[in-house]
Amino acid sequence: MTASIPLEKRGFKGDEGEVHVQAYLVDVKNKKIFAKGDFVKVYEEKIRQSVQNSLQ
């Protein structure tokens, strides 16, 4: 399954150009975490190219 997560650059602190994300599988109704994934590095340039390609 693919999920889209909008990120805003403001709100992030530091001078590093790296962002890491971690996915959670959550039962919101019962307030339970079923599973969590590994931290994954987000490559800003690849995302930017992907977005530009999808708009063409």
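1. Val-26 stands opposite Ile-33, which belongs to strand β3. Strand β2 covers residues 24-27, and strand β3 covers residues 32-36. The two strands run antiparallel and are joined by four bridges. Strands are said to pair if DSSP finds at least two bridges between them. Strands (E, at least two residues) and helices (H or I, at least four residues) are DSSP runs, numbered from the N terminus.

2. The model is predicted: local features need pLDDT of at least 70 and side-chain atom pairs count only at pLDDT 80 or more, whereas totals for chains, interfaces and linings use all residues. Residues are numbered from 1 along each chain as its sequence is written, and side-chain values use heavy atoms, with hydrogens and water left out.

3. As to confidence, pLDDT is the predictor's confidence in each residue, on a scale from 0 to 100. The protein chain has a mean pLDDT of 77, and 70% of its residues reach 70 or more. Among the elements, β3 has the highest confidence, at 92, while helix α1 (residues 44-55) has the lowest, at a mean of 77.

4. The protein chain holds one helix and four strands. Read from the N terminus, the order of these elements is β-β-β-β-α. Of the contacts with a separation of 6 or more, 3% are between residues 24 or more positions apart; a contact means heavy atoms within 4.5 Å.

5. What lies in the turn of the hairpin formed by β2 and β3? Four residues separate the two strands, and Lys-31 is in this turn. The phi of Lys-31 is near 55°, a positive value in a residue other than glycine. Most residues other than glycine have a negative phi. Lys-31 counts as exposed because its relative accessibility is 77%; the classes are buried (under 20% relative accessible area), exposed (over 50%) and partly exposed (in between), with a 1.4 Å probe and protein chains only.

6. How much of the protein chain is buried? Buried residues make up 4% of its 56 residues. Strand β3 is hardly covered, since the count of buried residues among its five residues is zero. The protein chain exposes about 6,000 Å², of which carbon and sulfur atoms supply 54%. Accessible areas come from the Shrake-Rupley method with a 1.4 Å probe, and for residues only the protein chains shown count as cover.

7. A nonpolar patch on the surface consists of Tyr-24, Val-26, Val-28 and Ile-33, which together have about 410 Å² of accessible area. Patches are made of residues with over 30% relative accessible area and no salt bridge; like charges are joined within 9 Å, and nonpolar side chains (Val, Leu, Ile, Met, Phe, Trp, Tyr) within 5 Å. A salt bridge is a side-chain nitrogen of Lys or Arg within 4 Å of a carboxyl oxygen of Asp or Glu. Tyr-24, placed in β2, is partly exposed because its relative accessible area is 43%.

8. Strand β1 (residues 19-21) contains Val-19, which is partly exposed because its relative accessible area is 22%. Val-19 and Val-42 are 23 residues apart in sequence, yet their C-alpha atoms are 5.4 Å apart in space. Lys-41 is found in strand β4 and is partly exposed because its relative accessible area is 30%. Leaving aside neighbours within four places in sequence, Lys-41 is in contact with Glu-18, Val-19 and His-20.

9. If residues up to four places away in sequence are not counted, Asp-38 touches Val-21 and Gln-22. Asp-38 and Ala-23 are 15 residues apart in sequence, and the distance from C-alpha to C-alpha is 7.3 Å.
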